[in-house]
Amino acid sequence: MSLELHVALRRPQFVLELECELPSRGITGVFGRSGSGKTTLLRCIAGLERRARGRIAVDGEIWQDEAGFVPTHRRGVGYVFQEASLFPHLDVRGNLEFGLRRLRAAERRLGLDEAIALLDLAPLLRHRTSQLSGGERQRVAIGRALLASPRLLLMDEPLSSLDQRSKAEILPHLARLRDQSSVPILYVSHALGEIMRLADHLLLLEAGRLQATGPLQTLLARSDLPLARYEDSGAVFDAVVEEHDVRYHLSYVRIGAGRLAVARTAAPIGHRMRVRIDARDVSLALKPPELTSILNILPARVLSLSEGADPAQTLVRLEAGGEPLLARITCRSAAELQLAPGMPLYAQVKGVALMESSAP
Amino acid sequence: MGSSDLIALWVSLRLATTTTLLLLLLCTPLAWWLAMGVSRMRTLIDALVSLPLVLPPTVLGFYLLLLLGPRGAIGGALHGLGLPAPAFSFTGLVMGSILYSLPFAVQPLRDAFQGIATRPMEVAATLRASPWNRFLTVALPLSARGILTAAVLSFAHTLGEFGVVLMIGGNIPGRTQTASIALFNHTEALEYGPAYRLSLTLLVLCFALLLAVYGMNRRLLRTTGALA
Amino acid sequence: MSWTGNLGCQCARARWVVLLVLLGSAARAAAVGAAELHVAVAANFSGPLQTLASLFERSGGDRLLISAGSSGELYTQIRQGAPFDAFLSADTEKPQKLESEGLSVPGSRFIYAVGSLVLWSPKPGVVDDEGQVLQSGTYRFIGVANPQTAPYGTAAQQVLTKLRLWDQLNQEHRIVIGENITQTWQFAATGNAELAFVALSQVLQADGSINGSSWRVPQSMYERIDQAAVVIAASPQKLAAQRFLTWLRTDPAALASIHAAGYRTAD
C-alpha cells in the first residue's frame, strides 16, 4: 500500500519537482521553510493545479500520468485548508454533510455520528459558521473532509491560523485521528513541534525539491539535515507506560534505552505513547552521575559530532537503545570531554515531553 | 383607470416577468463564462453585451425591426422554419426586451460570480462535487444577491421600456401595447387625467417592488457574507 | 499738463467713444438682419421644409433653424414657452388651439400644405392602383399611424371604416400602429408589415414616380389632411416669422417645391 508521487510544476518564479514513494498509512509530515513548495505539492496531489505534470498513484489507482488526469472531484482526496473555508450559506451540519451526501451509502466509510463523536462536534451542529471560533471551525472542516470518505487526507497547516488555546484543543483530536482512522494523511506544517507530535513519516522539502524522506525518528536525528539545528530539535520515541508513582505524582514509561520518569499521566499501564526529548534538554556525562537531581539517565553511544546552529554549540548525535538521540552541548564541553564517535557515555535528560495518544 | 390601461399594465407585467425569467436562464451561463476566464474573446463579448446600455432605444428598436423582418437574420430564419414573423407580437417584444435589458442581467451576475473566491469551489471539488454540481450548490447560493439584483434590474428596466417597444410593438392592445406606450398615447392625445393615474400606478408598483427586494437583500447579506 | 491740453485729450477720447458706439449699433443692426428663425415643424413636413429653407435663404430671406417633432409634442412645448417663432403643424387642430389660447398671432394661421394619403408597399405588384388588395386579405399586417395623434392615421382609419374593414382588421389584430408617420413607413419599408398607409410625400421620388407599388387614395374617402401654420405670439421676431409664412403661401418657387414634395396647396 503506497502513495507514488512524481510531480513537476513550472511557474514563472518557482519550480516544484520531486519523486518519492510514501507509506499509505499513518501521518506523513511535510516540512520545509515557507516558499519551499509544501502547499503547492498538496494542491498538485489534490488535482487543483491543472498544469502539473507527472504521475500520482494511490494504492495503484492512478490519479495522474502522461495519458490522463483525473479531476479533483473524482479523486476522493480530502483537503483541510489553512483557513477552514466553511461554506457560509450552510450551517455546521450542512457543511459536514456536503461530501457525505455525494457518496452512495455503500461507499461511506465514516458515519455522521462517528465523525461528530471523534471531533466533539455535537454542540455545534445547528450553529451558523459565522458563530464559531477558529478552533471550532477547523474541527468542522476536518470532520467535513473525513465524512467524504477520502482515500487520502491532505492537511495544509491546519493549526497555523489558530491561537495557542485552539491549537491545544485540536491536537489531541488530530492524534486520535491518526490512531483511529485508516485514511493516510499528508500533514503540512512549518512548526516542528506539530510534526514531532503527529507524524510517523517525514517528507522534507527545500526550494521545491525533495531534501529527504524517511521515518520521522531517523530524519530528526540526521545531522546533515537542517532539522537537527532547529531551536526545538530533538528526538521522539514510542514509549509504553509501565508504572505510576502515586506518591511523587510521576509515571514511568519504557523506551528502548531504558525507563523514563515523566509527569503523572492518566493513561493506563500498557498504554503506548510518544515521548519527545529535546536536544537542549540532554547533557552528557562520561561517568554515571551520582547524587544528581536528574532522574532520567540513559546509557548511550556517540555516533557523530557536528556544528550547532550557534557557533558556541556542538550537536552530538547519539544512539540510545538502538534509537537516535540528540544532545546540544557547548563546544568547550565537547572538547574537554574529548568526545569522539563510538564513545560510550551517559545522557542526562532534564525534560521529557509526553505527547498524549489514545491508541491502545 | 380604464380597462384598456389595465390591460396595458397586464401586458407590461407579463413582458417584464417573461423577460426576466428568460434573461436569468440565458445570462447565468454567459455571466459565469465571462467571470471565469480572461481570454480576449471574453473582453469582446463583454463589450457587445454592454452595447444596449449606450445605444439609444430607438436605434436598437430600428435594428431589431430589420432583424425581425422577413429579410432579417431572425425573421428570415423563423420564416424558413415555417414560423410566423415575430414583429408586432408578444414574442417579438420579448426578444427585443431580452436584448435591451441584457446588460442589466449579465453585469450583476458576472460581478457576483467574480466575487466568489476560488476557494469555495476548490473545497467543493475535494468534497466530490462535479463542476455542474459545484455551480448549483455553491456558486449559485453564494451569488444569491447578485442574482436578485439582476432579476430586479431586468424587471424594472423592462417595465419602463419604451423606445424598443415603440419601434417593434405596433401598439396592439392586449398584445404589444404596454403601460409605457399607453401612457405616451394619453399624453400625446392630451388626456392628462388617465396619464396621471397610469403613471402613478406604475410608480407605486415599482417602489413596492424595490422595497421588497431591498428587504430580501438584507437577509441574504447574513448568509452569503465572507467565507468563514 | 496745461488745462487746455487736458480738454483736448478729453475731446479726442470722446470722439473714439462715439465712433465705437456707432460701430456697435451698426453691428447690432446687421445682426438683426441676419437673425435665425426658429421654426417648429411636424415630422412629415421636415424634409420639404429643409428644401424650402435653402430656397428662402437664397432669395434673401432669414436662415431657418428647424426643429422637427410630433405635432402633439411641439404643441405642448409651445404651451410651456419653448422659444419657437413659427409652428408648422401636421393638422389644423393644434394651431387652432394655440390661437384660442392666445399663444399665436391672430390672423397668421393659414393652411400651408394639404397631405395625400397613399396605401403603399415597397414591393412592386403588391398594391394595385385601386386598392383592391385591402379586400383580398393576403397581408398579415397593415401599418397605420396612430389615429389619436396623427392626421394620416385618422385618415387611414376613415378609409378602412368606409371599406368596412376597420373593425375586422382590429379584431384580427392585424393593424399595427406607428407612433408617427415615419414609423408607420418603417414598418412597411422593413417588410414587417406588408402594407402601410403613408403620406405621398414619403414615397414620392424626385422624378414624380413612386417606388414599390401604391394606391393614391381618392380624396373623397377621407377628410382632407390640412396642415396649418401660425406665428407664435411670444416670438421676438414676429415680423420676420410672418415674412416667412407669407413667402411660403405666395412665392411661386415655394409653391412649386411644396407640390414637388407630394403636397397640394390650399388654393
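Biologist: How many residues of domain 1 of chain A are in contact with domain 2 of chain A?

Modeller: Seven, and they meet nine residues of domain 2. Keep in mind that this is a predicted model.

Biologist: Which elements give two or more residues to the domain 1 side?

Modeller: Helix H7 (192-198) and helix H8 (216-221) of chain A. H8(A) gives the most, with five residues.

Biologist: And how do the residues on that side divide by class?

Modeller: Four are nonpolar, two are polar and one is charged.

Biologist: Where do the domains run in chain A?

Modeller: The domain assignment puts domain 1 at 2-221 and domain 2 at 234-355. Their centres, taken over C-alpha atoms, are separated by 33 Å.

Biologist: Switching to helix packing. At what angle do H5(A) and H6(A) pack?

Modeller: About 25°, with the axes 9 Å apart. H6(A) covers residues 164-180. Angles under 35 degrees count as roughly parallel, so H5(A) is roughly parallel to H6(A).

Biologist: Is the crossing left-handed or right-handed?

Modeller: The crossing of H5(A) and H6(A) is right-handed.

Biologist: Which residues meet there?

Modeller: H5(A) brings A:Gly134, A:Gly135, A:Gln138 and A:Arg139. From H6(A) come A:Ser166, A:Glu169, A:Ile170 and A:His173. By class, that contact has five polar residues, two charged and one nonpolar.

Biologist: Now between chains. How many residues do chain A and chain B put into their contact?

Modeller: Chain A puts in 23 residues and chain B 18 residues.

Biologist: Which elements of chain A each supply at least two residues to that side?

Modeller: Helix H2 (72-75), strand S6 (77-80), helix H3 (92-100) and helix H5 (134-146). The largest share, three residues, comes from S6(A).

Biologist: What about classes on that side of chain A?

Modeller: Twelve nonpolar, eight polar and three charged.

Biologist: Last one, chain B with chain C. How many residues are in contact?

Modeller: 18 residues of chain B are in contact with 15 residues of chain C. On the chain B side, helix H3 (57-68), helix H9 (163-169) and helix H10 (179-188) each supply at least two residues.

Biologist: Which of those has the largest share?

Modeller: H3(B), with three residues. The chain B side divides into eleven nonpolar, four polar and three charged residues.

Technical notes
Residues numbered from 1 in each chain as written. Chains lettered and ligands numbered in written order. Predicted model: local features only at pLDDT ≥ 70, side-chain atom pairs only at ≥ 80, totals over all residues. Contact = placed C-beta atoms within 7 Å. Helix = DSSP H or I, 4+ residues; strand = E, 2+ residues; numbered from the N terminus. Nonpolar A, V, L, I, M, F, W, Y, C, P; charged D, E, K, R; others polar. Axes fitted to C-alpha atoms, helices over the stretch in contact; angles between N-to-C directions. Parallel < 35°, antiparallel > 145°, perpendicular 65-115°, else oblique. Left-handed = near helix turned anticlockwise from the far one by under 90°. Domains from an automatic or database assignment.
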